[in-house]
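Biologist: I'm new to this one and would like to learn how to read it. Could you walk me through its features, one at a time?

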Amino acid sequence: MKKIFLAAVFCFAALAANAQTLKFGNVDSNALIEAMPERAQALKELEELQSRYESELAKMNEEFQTKYSSFMQERETLEKSIADAREQELTQLQQRIQQFYETAGRDIQTQEQSKMAPIVEKVRKAIQAVGEKNGFTYIFNAGTALYSSESQCIDCLPLVKAELGIK
């Protein structure tokens with residue numbers, strides 16, 4: 001019984017000693033990503049891409065509206081086969097517009113992921129480097145912990161910004 005008690009005391013002492021060496025930090029990775037100069041360039045490129053798609057979509061819609069207005073004015077005087085052909089043409093144009101819209105949305109989303117991935121990876125590596133350099137046991141992403149003691153959990157945002165060379 002005495003041996004079990006001594007073993008338990010040693011276990012608790014070891015756990016207490018180990019718990020004292022734990023070092024926790026937190027960082028707001030979204031704030032880091034927003035501060036990255038590369039992000040501004042990526043957003044600019046994405047806005048330009050979206051603008052090009054919007055311009056093309058506007059041209060397609062204008063073409064549809066012109067053809068639709070013309071058809072509506074002439075449809076009573078057209079032969080049934082001609083009216084049917086124009087109606088089919090309008091339907092196909094409308095489908096092409098919808099397909100283009102969906103394709104553009106997917107492309108913009110793909111481009112966004114492609115442009116943001118290296119930025120996110122750079123932030124991840126900087127957080128890892130700060131953790132290793134400063135002896136952190138854990139660095140949490142701000143907003144995911146239910147509780148964070150400011151006196152025991154260090155805000156690593158300034159350290160990671162310095163690692164990335166961001167002021």
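Predicted model: local features only at pLDDT ≥ 70, side-chain atom pairs only at ≥ 80, totals over all residues.

Biologist: Let's begin with the strands. How many bridges join β1 to β2, and do they run parallel or antiparallel?

Modeller: A general idea before the case: in a regular strand the side chains alternate between the two faces of the sheet. Here, β1 and β2 run parallel and are joined by four bridges. To find one of them, go to N26, whose bridge partner in β2 is F140.

Biologist: And over how many bridges do β1 and β3 pair?

Modeller: Three, and that pairing is parallel as well. For a spot to look at, take G25: its bridge partner in β3 is I154.

Biologist: Next, the rings. How many aromatic pairs does the structure hold?

Modeller: Two things describe a pair of aromatic rings: the distance of the centres and the angle of the planes. This structure holds five such pairs. Take F24 and Y138: their ring centres are 5.7 Å apart and their planes are at 5 degrees, so we call the pair stacked. F24 belongs to strand β1 and Y138 to strand β2 (residues 138-141), so this pair links distant parts of the chain, 114 residues apart.

Biologist: Which other ring does F24 pair with?

Modeller: F140. That pair is also stacked, with 6.2 Å from centre to centre and 20 degrees between the planes. Since F24 lies in β1 and F140 in β2, the pair ties together parts that are 116 residues apart in sequence.

Biologist: What sits over the ring of F136?

Modeller: The charged end of K23, 4.8 Å from the ring centre.

Biologist: On to charges, then. How many salt bridges does the count come to?

Modeller: The idea is that side chains of opposite charge can pair when their charged atoms come close. In this model the count comes to nine salt bridges. One of them joins the side chains of K67 and E89, at 2.8 Å from N to O. K67 is in helix α3 (residues 37-74) and E89 in helix α4, so the two are 22 residues apart and the pair links distant parts of the chain. K67 is partly exposed at 32% relative accessibility, and E89 is partly exposed at 36%. The two also belong to a network of salt bridges that links E63, K67 and E89.

Biologist: Which residue does R86 form a salt bridge with?

Modeller: E74, with the closest N and O atoms 2.4 Å apart. R86 lies in α4 and E74 in α3, so parts that are twelve residues apart in sequence are tied together. R86, at 31%, is partly exposed, and E74, at 30%, is partly exposed too.

Biologist: What about K133 and E163? Where do they lie?

Modeller: Their side chains meet in a salt bridge, 2.7 Å from N to O. K133 is in helix α4 and E163 in helix α5, so the pair ties together parts that are 30 residues apart in sequence. K133 is exposed, with a relative accessible area of 61%, while E163 is partly exposed at 33%.

Biologist: You mentioned α5. Which of its residues are buried?

Modeller: For a helix, look down its axis and see where the buried residues point. In α5 (residues 157-164), the buried residues include L157, V160 and L164. Seen down the axis, the buried residues of α5 fall within an arc of 70 degrees, so they line one face of the helix. The face turned away from that buried side carries the exposed residues P158 and A162.

Biologist: What covers the buried residues of α5?

Modeller: The cover includes β1 (24-27), α2 (29-35), α4 (80-134) and β3 (153-155).

Biologist: And which residue follows α5?

Modeller: G165, whose phi is positive, near 75 degrees.

Note on methods:
Residues numbered from 1 in each chain as written. Heavy atoms only, no water. Buried < 20%, exposed > 50% of the residue type's maximum accessible area, 1.4 Å probe, protein only. Arc of directions from axis to C-beta. Contact = heavy atoms within 4.5 Å. Salt bridge = Lys/Arg side-chain N within 4 Å of Asp/Glu carboxyl O. Phe/Tyr/Trp six-rings, centres within 6.5 Å; stacked < 30°, edge-to-face > 60°. Lys NZ or Arg CZ within 6 Å of the ring centre and 35° of its normal. Pairing = 2+ DSSP bridges.
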